[in-house]
Amino acid sequence: MEEAKMGDVATIRAVLSILQWWGFNVTVIIMNKWIFQVAILFSPFLCSLSTIRAYRQERKKLEFKFPLIVSCVHFICSSIGAYIAIKILKMKPLIEVAPEDRWKRIFPMSFVFCINIVLGNVSLRYIPVSFMQTIKSFTPATTVILQWLVWRKYFDWRIWASLVPIVGGIMLTSITELSFNMFGFCAAMVGCLATSTKTILAESLLHGYKFDSINTVYYMAPFATMILSVPAIVLEGSGVINWLYTYDSIVPALIIITTSGVLAFCLNFSIFYVIHSTTAVTFNVAGNLKVAVAVLVSWMIFRNPIPAMNACGCGITLIGCTFYGYVRHLISQQVVNPSPRTPRSRMEMLPLVGDKQEKN
């Protein structure tokens, strides 16, 4: 009886962790798109009743088209949030890293991590959320291809077969996307490469350190802020100053931008609970369903047209990602419990990604 209750509690905890992960992820994506394109300053918490009525009569665009600055705000908020969570609230013990390892191991990952976040925000400026999320699902393919080309890793044929629907779905979605933008598409694709590179570097550079998502943010976010601050000031500083002088409602706008940074940290924090509350297969399926939820919510808010063939391509991609996760899980189980016919080189057939891959 007690075991049944414990099982029910674990199930409820897993469902709640997945729901809050979805909530933070979708909210961050929608808010960033809102900031770059059509943010409406309409909030009963930020505006008076007269202001709300005025915004109801006229759509106010935020027009804060500075993805580097927004990314810097995210990194600063994440640095502060991780420090509070570890040093002050003691919610997670700090993993000690030697000073030389911080520069040799964590700094290269922070650089790639910075590129990944920036390119994600840049792509949101030019392409719809639905298209951007579909392209991000291409990450498993880029991870396998990079390891095969650069590191000469060998993979089971089932891994390659699972990539076929992913690649096919991306191609179909790209061809049928009505709001296709080459710059935004390239930014999202290079972002996938950056995500894959970060995952591969994590396997090699963080060997010996059992990092969780909070400690990862604690060490990488300050480095990312340092890396991005100079380019952000040089390339977008003058534009931000002009925006401050020309925009009418600066305070509510800055609150929205800062809130997106706080939620970005909460997203990393939520990933920690999902990883520790679910199985590898559940995490993979939930991650793919999260993309579908983000696409649906973005369509409901922005009403960007999604043709039937475009939706079909997105569905094929998500099915391929789910199949990829299932195949990877099967192969990992064969490694853990090898049969007499299992080759000793089976480990080389696995991609260098963890069973529970963090998807942002």
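**Stop 1: the kink in α9.** Select E236. Helix α9 kinks here by about 60°. This is a predicted model, so treat each stop as a prediction. Now select residues 213-246, the whole of α9.

**Stop 2: the largest nonpolar core.** Select I35, F64, I135, F138 and I159. These residues have the most contacts inside the largest nonpolar core, which has 43 residues. Next, show helix α1, residues 2-38. Helix α1 gives this core its largest share, 7 residues.

**Stop 3: around I135.** Centre on I135. Which residues does I135 touch, leaving aside neighbours within four places in sequence? Show I127, I170 and F185, then A188, M189 and C192: I135 is in contact with each of them.

**Stop 4: colour by confidence.** The chain averages a pLDDT of 80, and 81% of the residues score at least 70. Which helix has the highest mean pLDDT among the elements of the chain? Select residues 67-88: helix α3 does, at 92. Helix α2, residues 49-57, has the lowest mean, 41.

Stop 5: Select residues 38-59, where the pLDDT is below 50. Beyond near neighbours in sequence, this stretch has 31 contacts in the model. Finish at residues 342-360. Here too the pLDDT is below 50. This stretch has 67 contacts in the model beyond near neighbours in sequence.

Key. Residues are numbered from 1 along each chain as its sequence is written. This is a predicted model: local features need pLDDT of at least 70, side-chain atom pairs count only at pLDDT 80 or more; totals for chains, interfaces and linings use all residues. Side-chain values use heavy atoms; hydrogens and water are left out. Helices (H or I, at least four residues) and strands (E, at least two) are DSSP runs, numbered from the N terminus. The expected span of a helix is 1.5 Å times one less than its number of residues. The bend at a residue is the angle between axes fitted to the seven residues ending there and the seven starting there. A nonpolar core is a set of buried Ala, Val, Leu, Ile, Met, Phe, Trp, Tyr and Cys residues joined through side-chain atoms within 4.5 Å. Buried means under 20% relative accessible area, exposed over 50%, partly exposed in between (1.4 Å probe, protein chains only). Contact means heavy atoms within 4.5 Å. pLDDT is the predictor's confidence in each residue, from 0 to 100.
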